[in-house]
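Here is a friendly briefing to read alongside the sequence and the structure. Let's take it topic by topic.

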Amino acid sequence: MPSPLCPRTRSLGLLLALSSTCAVTWSQATPQPNPAVVSHPQLDGELFYELVVSEMSARQGDAITGYALMLEAARRLRSDQLFQRATEIALQGRSGDQALVAARAWKSTLPQSREANRYLLQILVALNRITDTPELLRQELAATQPRARAAAIQAIPQLFGRVSDKALAARITEQALADELVHPAQGPVAWATVGRMRLAAGDRTGAEQAALQALSQDRHQEAAIRFALDLLEEGVGSMQTPVSEHAASAQATPDFRLAYSRVLLGSQRYSEARQQLEIATRDRPDAPEPWLILATLQLQERQWDAAQTSTDRFLALASGGGAATGSARADGPQRLLTQAYLVQAQIAEQRNDLVGAARWLDRIEDAQELTSVQTRRASILARQGRIDEARALLQKLPAATDAERRMRLLAEVQLLRDHKRYQEAYDAQSKLAALAPEDDDVLYELAMLAEKTGKPERMESLLRNIIARDPRNHHAYNALGYSLADRGERLPEARELILKALELAPGDPFITDSLGWVEYRMGNLAEARKWLQQAFEKRSDAEIAAHLGEVLWKSGERDQALSVWRKGLEIGPDNETLRETLKRLGAQL
C-alpha cells in the first residue's frame with residue numbers, strides 16, 4: 001500500500017534504491033541516534049554507545065555489524081525507528097533475508113505498528129514470498145482511511161507487478177479482499193482489481209467474470225467501467241453493452257470518452273469514436289489532446305476543413321498551456337506537437353499545397369519521428385509524379401536493426417499501395433513478412449496485397465493461417481468471407497465466415513457490409529439492403545456506398561441508388577470499387 005514514509009516497491013532492487021529516502025533522518029556528522037530514541041527511558045550509556053557503533057559500522061561498509069547492533073537495540077527499546085533503521089541497513093547491504101528477519105521481528109514486537117506491517121509486506125513481495133501476504137494486506141487496508149481505500153485497492157496490481165507467479169498473486173489478492181468484495185461501496189473496485197490480477201495471470205475468462213461482478217454492483221463505478229473498457233479493448237465482447245450504456249450516460253467523464261474513442265478507433269468504428277470525441281471536446285473544450293485525436297479522425301474521413309479547425313484548436317491550446325485531460329499519457333507535449341504538425345502537413349498535401357506541407361514538416365525537430373517525416377516527404381514527391389525518387393528517399397531511412405528495417409518497409413509498402421503499384425507493394429510486404437513471420441497484422445496485409453495481384457489462393461492460405469493461430473481474429477474471417485463473396489465462390493461458406501466475424505465484433509460496419517454483400521450475391525436482395533443500410537448509417541464509406549447503391553439499383557430504386565453513390569463520391573472520389581461499380585452498371589450521375 002502507499003506509505004507516507006516509504007513508497008510501495010515492486011522488487012528488492014527498488015526497495016534498495018528507496019531505502020535512503022525512507023530512512024529516519026540521521027546526523028551527517030558524528031553518528032547520533034534518533035532524538036526520539038535518545039530520550040527513551042530505557043536508553044543507558046552502553047546502549048547509546050552501541051547505537052553509535054552501529055551507525056559508524058554501517059557507514060564504513062560493515063553492514064553486518066551495524067545491522068546486528070541496531071536490531072538488538074530495537075528489540076530492547078521496542079522502537080519503531082530503530083527497527084526501521086535496522087531493516088534499512090540490511091537493505092543497503094543488499095541482504096534481503098536479513099531485512100526480512102528485521103521486519104518480522106519488528107512486526108512481532110510491535111504488532112500494531114502500521115510501518116512494520118508495510119515494510120514486511122513490501123519485503124515479502126520484493127523477495128517473491130507472497131504466500132504470507134494476505135493477512136498483511138488485509139491489515140493495511142483496514143488501517144487505510146475509508147476515503148483513500150479505493151485508491152489503495154486499485155494499487156494492488158502494481159504492488160504485485162513483478163511477482164513471478166501471477167496466478168498465485170491473483171488468488172492472494174482475492175483472499176485479501178474477501179471483505180471488500182461484498183462491501184457496498186468498495187465491492188466494484190475490489191472486483192475490478194481482482195479482474196486485473198486475473199488478466200495479468202492470463203485468465204481471460206476469470207477476468208471477464210470479475211468485471212461482470214463489479215458491474216452488477218455498480219454499472220457506472222469508475223474503476224469497474226474502466227476495467228470493462230480495458231477488457232473490451234482486449235476483445236471481450238460482453239463488455240460492449242455496459243461500456244456503450246455508460247458512454248451514453250451523463251456519468252461518462254471526458255477522460256472516459258477519450259479512452260473509449262481510442263478503443264473505437266482501434267476497431268475502425270470511426271463514427272462512434274467521432275461522437276465520443278465531439279462530446280469530450282464540448283464538455284472540456286480546454287483539453288488539447290481530444291482535439292488532436294478528433295483532427296486525426298477527421299483527416300481519416302477526408303474532412304479537411306474540420307480537421308484543420310480541430311488541429312488549429314489543439315495548437316492554440318497547446319501553446320497556451322491548455323488543461324490536461326487528467327489521464328496519464330506516455331505522449332509528451334513535444335510528441336503531441338509533432339503529431340499535430342504531421343496532420344497539418346497531410347491536410348496541406350491533400351489540398352495540393354505541397355509547399356505548405358513541406359513547411360509544416362520542416363517544423364518537426366523530433367529525431368524519433370524521422371520515419372514519419374520522410375514518409376510524408378515521399379508522399380509529396382509521389383504526388384508530383386516522382387515515385388522512384390520517393391522510394392529512394394524511404395530506402396535511405398536507417399535500417400541497422402530489424403525494427404528499423406520493418407519501419408522502412410512499412411513506409412515503402414504504403415507508398416506503393418497508395419499509388420496502385422500492387423506487385424511491388426506485394427514484394428516489399430513479403431520481405432516484411434520474412435522479418436516478422438509471427439506478426440498476424442503483417443500477414444494480413446500480405447494477404448490483401450495477394451488478392452490485389454491476382455493470387456486468391458495465396459490470400460486464402462495466409463488468412464487461414466492467421467485464423468488457425470488466432471481463432472478470434474475477426475478481420476481474417478471477414479476478409480476471407482468477403483473475398484469469396486466478391487468472386488461469387490462458395491457463398492454458403494463465405495456467409496458462415498462473415499457471421500463468425502460479426503459474432504466476434506458485433507456491429508462492425510465493415511463486417512455488416514460484407515454480410516450484406518454476400519446476401520446480395522446469394523440473391524437475397526431484401527436482406528442485403530437491410531444489412532447494407534445499417535452499415536452505411538454507421539459508417540459513411542465509399543465502398544459501402546458502392547454496395548448499397550448496387551443493391552438499390554438492382555431492386556429498381558435507381559434514384560435512391562444515385563443519391564447513395566453521390567454521397568459515396570463525396571466521401572471517396574477515387575474509390576476503385578465505387579468507380580468500377582458505376583462503370584459496370586452504366587450509371588450516369
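Contact here means heavy atoms within 4.5 Å. Please keep in mind that this is a predicted model.

**Ala63 and its surroundings**
- Ala63 belongs to helix H4, which covers residues 63–77.
- Apart from neighbours within four places in sequence, Ala63 is in contact with Ser57, Ile89 and Gly93.
- Ser95 lies 32 residues from Ala63 in sequence, and their C-alpha atoms are 9.2 Å apart in space.

**The nonpolar cores**
- The largest nonpolar core has 102 residues.
- Within this core, the residues with the most contacts are Phe160, Leu177, Leu229, Met239, Val243, Phe256 and Tyr260.
- Leu177, setting aside neighbours within four places in sequence, is in contact with Leu141, Ile153, Ile156, Ala190, Thr193 and Val194.
- There is also a second, separate core of 63 residues, and Leu449, Leu532, Ile544 and Trp553 are included in it.

- You will find Tyr426 in helix H26, made up of residues 422–435.
- Beyond neighbours within four places in sequence, Tyr426 is in contact with Leu446, Leu449, Ala450, Thr453, Lys455 and Arg458.

Technical notes. Residues are numbered from 1 along each chain as its sequence is written. This is a predicted model: local features need pLDDT of at least 70, side-chain atom pairs count only at pLDDT 80 or more; totals for chains, interfaces and linings use all residues. Side-chain values use heavy atoms; hydrogens and water are left out. A nonpolar core is a set of buried Ala, Val, Leu, Ile, Met, Phe, Trp, Tyr and Cys residues joined through side-chain atoms within 4.5 Å. Buried means under 20% relative accessible area, exposed over 50%, partly exposed in between (1.4 Å probe, protein chains only). Helices (H or I, at least four residues) and strands (E, at least two) are DSSP runs, numbered from the N terminus.
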